[in-house]
Amino acid sequence: GGGGAGGEAAVSAGLVTVVLRPRAIFGVGDQHLLPRLLASLRAGRLPVIDPHAVVDLTSVRNVSHACALALRAPAAAVAGRTFNITNDEPILLWGLMRRLTDELGLPRPWLRLPFPSADAAARLSEPAVLALQRLRLLRRDFEPKLSRYAVAAIGRTTVLDVSAARQALGYAPVTSTQETLSEVIAAHAAIPPATIRRPGARRAVFSQAAFAAAFLAAAAAAEAWPSRGARHLAALAAALALLAFATRAAADTAPQRHRRRAAARALSRGVTPGTPRGHESPLGWTASSSP
């Protein structure tokens, strides 16, 4: 690709640039889209925003195929252009979700949430999480449970036109959504259950109860008063859910903080962390049998 400042610099240097814009890349080895989706499904915190949403997805093999075509295409036909890349087969998002949950033995999403309420929750949670991270109340790698991107991705119909890529690049998908999904399901089904991080029973119940209370209140408000008041109540409900999850995340990091502080105190006394009490040397060094 060649977008933004880097693309402009390339053009000024006389290089031919082509921008490929794939939508929702997934496949075996995916570290972003499906792992996060499956984690939300396992925890029971994925709301159904629009059960009729139709979306475009892109297999990673189709992306690599499009890259190869762009490299071989005549410069005059593709220079400076942007091409959408998808599997070119819009699908019902929640049909895909049902297949994932049924074949991997995960609970089906059951919580319905109107788009305005979900959008309000996401707009509130993102800056709140950032503020809590700056105050060191949340881990740096902690992510909002519901982001604006996620709301837009699962809550609205999004279909891209790939006709330009077909004409200029000769692009045609080399694999389908269902084929790629089968490969992904087989890969995840082969993962030993013990290696999958799952929430504890009490934490899972706590998470689901917090989200259910917050989102059901927001949904009821949006349906009863489709106005600004509904958004305010949705934001309040989202704040309650965020507070619950922030409390849980802070509790998760507390043992790590205690271990780090204990290690720092031990090192300040000249003791290697983990040395059994009574085995320290008189000089403050850890006793060792090695020369």
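Trainee: What share of the contacts in the chain with a separation of 6 or more comes from residues 24 or more positions apart?

Mentor: This is a predicted model, where local features need pLDDT of at least 70, side-chain atom pairs count only at pLDDT 80 or more, and totals for chains, interfaces and linings use all residues. Residues are numbered from 1 along each chain as its sequence is written, and side-chain values use heavy atoms, with hydrogens and water left out. Contact means heavy atoms within 4.5 Å. For residues 24 or more positions apart, the share is 81%.

Trainee: Is Ser-59 buried or exposed?

Mentor: Ser-59 sits in strand β4, residues 58-59. Buried means under 20% relative accessible area, exposed over 50%, partly exposed in between (1.4 Å probe, protein chains only). Ser-59 has 1% relative accessibility, so Ser-59 is buried.

Trainee: Which residue's side chain is joined to that of Ser-59 by a polar contact of 3.1 Å?

Mentor: A polar contact is a pair of N or O atoms within 3.5 Å; within protein, one must be able to donate a hydrogen and the other to accept it, and residues adjacent in sequence count only if both atoms are side-chain atoms. Beyond four places in sequence, Ser-59 touches Phe-26, Asn-87, Thr-175 and Thr-180. The 3.1 Å partner is Thr-180.

Trainee: Which side chain makes a polar contact with the side chain of Thr-175?

Mentor: Thr-175 lies in the loop between α8 (163-169) and α9 (177-189). Its relative accessibility is 5%, so Thr-175 counts as buried. The polar partner, at 3.3 Å, is Arg-61.

Note on methods
Helix = DSSP H or I, 4+ residues; strand = E, 2+ residues; numbered from the N terminus.
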